[in-house]
2 protein chains.
Amino acid sequence: MHPFPFDVDQLRSTVETALESATQLSNDCPDRLRDAIRYSLLAGGKRLRPILTILSCQICGGSVEQALPAACAMEMIHTYSLIHDDLPAMDDDDLRRGQATNHIQFDEATAILAGDALLTLAFEVLSTQIENPVLASKTVLELAQAAGANGMVGGQQSDLNAESQTNLNIDDLISIHRLKTGKLITCAVRMGAILAQASPEQLDAMTKYGNAVGLAFQIADDLLDETGTVEKMGKGVQKDQSHHKLTYPALLGLDESKAQAHNLVDSAISALSIFNEQSKSLEALARYSIERDQ
Amino acid sequence: MHPFPFDVDQLRSTVETALESATQLSNDCPDRLRDAIRYSLLAGGKRLRPILTILSCQICGGSVEQALPAACAMEMIHTYSLIHDDLPAMDDDDLRRGQATNHIQFDEATAILAGDALLTLAFEVLSTQIENPVLASKTVLELAQAAGANGMVGGQQSDLNAESQTNLNIDDLISIHRLKTGKLITCAVRMGAILAQASPEQLDAMTKYGNAVGLAFQIADDLLDETGTVEKMGKGVQKDQSHHKLTYPALLGLDESKAQAHNLVDSAISALSIFNEQSKSLEALARYSIERDQ
């Protein structure tokens, strides 16, 4: 594993403090719902997406503080999607980030509501914590488009549909990955750039970076499901095979999958060439996206 | 039933055309998800909330067109909440608006995702269709606060929790109703006022109107569950008793519940006194909220 050219623990801690504070919620929120929201949101995790948002904002000339509302919103959307994906009617998982999934720890109704609440809270955070209304409105649009029916939610539906289909090819798989994971990862870096009031050229470079890293990250996820351990991953593994899921290694084999992931990381890094030395942070994160063991 | 001093069918049709158009979605959206979204969103219904938004906007000096993005967002949030509330893990209902509920017509996973997609789409519509970013950002904030953990989602959680509690009183019930239904109805009229760039006094009057009508509407719902028919309601009735739900008639009896609903409607109407003749439309809607048979 490469050491990061930035203090990853410090960034994670900044994000977690902000998430902690954003989920205090009012007395109107029932305790059980608040507990369920915080149980999943504050359960650790790599915090990859919020870190992408912050680094992108910094590289485009902005600050951690400017990026933080979008960083929190990203993690809220990501966490809600995990809670709903883990439900019995969806992927039916018991273990996530090394602990019982939300519906196991609480119950299905509470897990559905905690997901709904986190999804809603993401937009509340953007609209309250971003002072410039033009930037607030732009980030709401970015996030809604990436997370909704034409993005992440659509990708989850396609992924579920794919379980019952037998004649899918690599283009179908790329299309599912792009929706399910890719658009939200691209959104993470784009929101950071938008909050730094990046130039169109900078925003375009971040979009290319995000598209490439997003797909590389998902290929790595497919590979980890095949080769990882429950201990490292903190969630069930080899679930893909047992669910007959379409994956990169199933379609292309391990070696070719790894090669494609490396090519994507190279593309991501070359998209950063318009930036200065500071973009080493996103270079390192691109490498990490496929070299991680969890 | 009072005739309305405005063309309710025309307004409904305007809302439905806009909902139809907003859910065309891109080719990225899987057909099954698009179908599930449109199945529930375009299934008719009273369209009370979007009509409240439009009338409030008009009374405060705005136009139907100005109100329409928020009107559509309101109906998307309302419909998503019905889809999720009907799930087996929640209220477990088979019938809604006279047709099979979303998870019966499709499946549970699709129903969860269709709800998530509608919730997300509501914010996309606000941020794309409201041109003034200050107003876009303000309405996103209003809607997120009313629909989230401190509002509607919190109310649904409290309502579920209440089923296992035996010592609840009328204040507990009012508190649940305020969160589960009230805040969103108040949000409907507030968003209309905000989009008309209402004065603080006008916004305050609309808030009082919304709070009173929201509670009256919910008392009427409790009464209809007890006295209505499946044919009229298009959904299961007498579910509250069978679920041991806390209701107005159960706590106060039919007569006292009706009296309180009437008092609330009087309060709502008196809040409109600062407006001109045009506010007759919201007066009529307040009366309708408790005199309807569905």
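**Entry 1. H3 and H15 of chain A**

I looked up which residues join H3(A) to H15(A). A:Ile51, A:Leu52, A:Leu55, A:Ser56 and A:Ile59 of H3(A) meet A:Ser281, A:Leu282 and A:Leu285 of H15(A). Contact here requires C-beta atoms, placed from the backbone, within 7 Å of each other. By class the contact has 6 nonpolar, 2 polar and no charged residues. The classes are Ala, Val, Leu, Ile, Met, Phe, Trp, Tyr, Cys and Pro as nonpolar, Asp, Glu, Lys and Arg as charged, and the others, Gly among them, as polar.

I note that this is a predicted model, in which local features need pLDDT of at least 70 and side-chain atom pairs count only at pLDDT 80 or more, while totals for chains, interfaces and linings use all residues. Residues are numbered from 1 along each chain as its sequence is written, and chains are lettered from A and ligands numbered from 1 in the order in which they are written. Helices (H or I, at least four residues) and strands (E, at least two) are DSSP runs, numbered from the N terminus.

I then took the geometry of the pair. The axes of H3 (residues 48–59) and H15 (residues 280–291) of chain A come within 9 Å and cross at roughly 150 degrees. Axes are lines fitted to C-alpha atoms, for helices over the stretch in contact, and angles run from 0 to 180 degrees between N-to-C directions. H3(A) is therefore roughly antiparallel to H15(A); the cut-off for that word is over 145 degrees. The crossing of H3(A) and H15(A) is left-handed, meaning that the near helix is turned anticlockwise from the far one by less than a right angle.

**Entry 2. The two chains**

I looked up the contact between the chains. In chain B, 47 residues touch 47 residues of chain A. On the chain B side, the elements giving two or more residues are H2 (31–41), H6 (108–129), H7 (133–147) and H8 (152–162). H6(B) has the largest share, 14 residues. This side of chain B divides into 26 nonpolar, 15 polar and 6 charged residues.

I checked how the copies are related. The same surface serves both copies, as 100% of the contact residues of chain B recur in chain A.

I took H8(A) against H6(B). Their axes are 9 Å apart and the packing angle is about 165 degrees, so H8(A) and H6(B) are roughly antiparallel to each other. H8(A) passes H6(B) in a left-handed crossing. From H8(A) come A:Val153, A:Gln156, A:Gln157 and A:Leu160, and from H6(B) come B:Ala109, B:Thr110, B:Leu113, B:Asp116, B:Ala117 and B:Thr120. By class I have 5 nonpolar, 4 polar and 1 charged residues for this contact.

I also looked at H8 in chain B. A residue is buried if 20 or more other C-beta atoms lie within 10 Å of its own, exposed if 12 or fewer, and partly exposed in between. The cover over the buried residues of H8(B) includes H2 and H6 of chain A and H4 (64–85), H7 and H9 of chain B.

**Entry 3. Single residues**

B:Gln145 lies in H7 of chain B and is buried, with 21 other C-beta atoms within 10 Å. Leaving aside neighbours within four places in sequence, I find B:Gln145 in contact with A:Glu124, B:Asn150 and B:Gly151.

B:Val189 is in H9 (residues 170–195) of chain B. B:Val189 counts as buried, with 31 C-beta neighbours inside 10 Å. Beyond four places in sequence, the contacts of B:Val189 are B:Leu52, B:Thr53, B:Ser56, B:Met206, B:Tyr209 and B:Gly210.

A:Gln197 has phi near 55 degrees and lies in the loop between H9 (170–195) and H10 (200–227) of chain A. B:Arg97 has phi near 50 degrees and lies in the loop between strands E1 (95–96) and E2 (99–100) of chain B. A:Gln197 is partly exposed with 16 C-beta neighbours inside 10 Å, and B:Arg97 is partly exposed with 17 other C-beta atoms within 10 Å.

Note on methods
Two residues are in contact if their C-beta atoms, placed from the backbone, lie within 7 Å. Angles under 35 degrees count as roughly parallel, over 145 as roughly antiparallel, 65 to 115 as roughly perpendicular and the rest as oblique.
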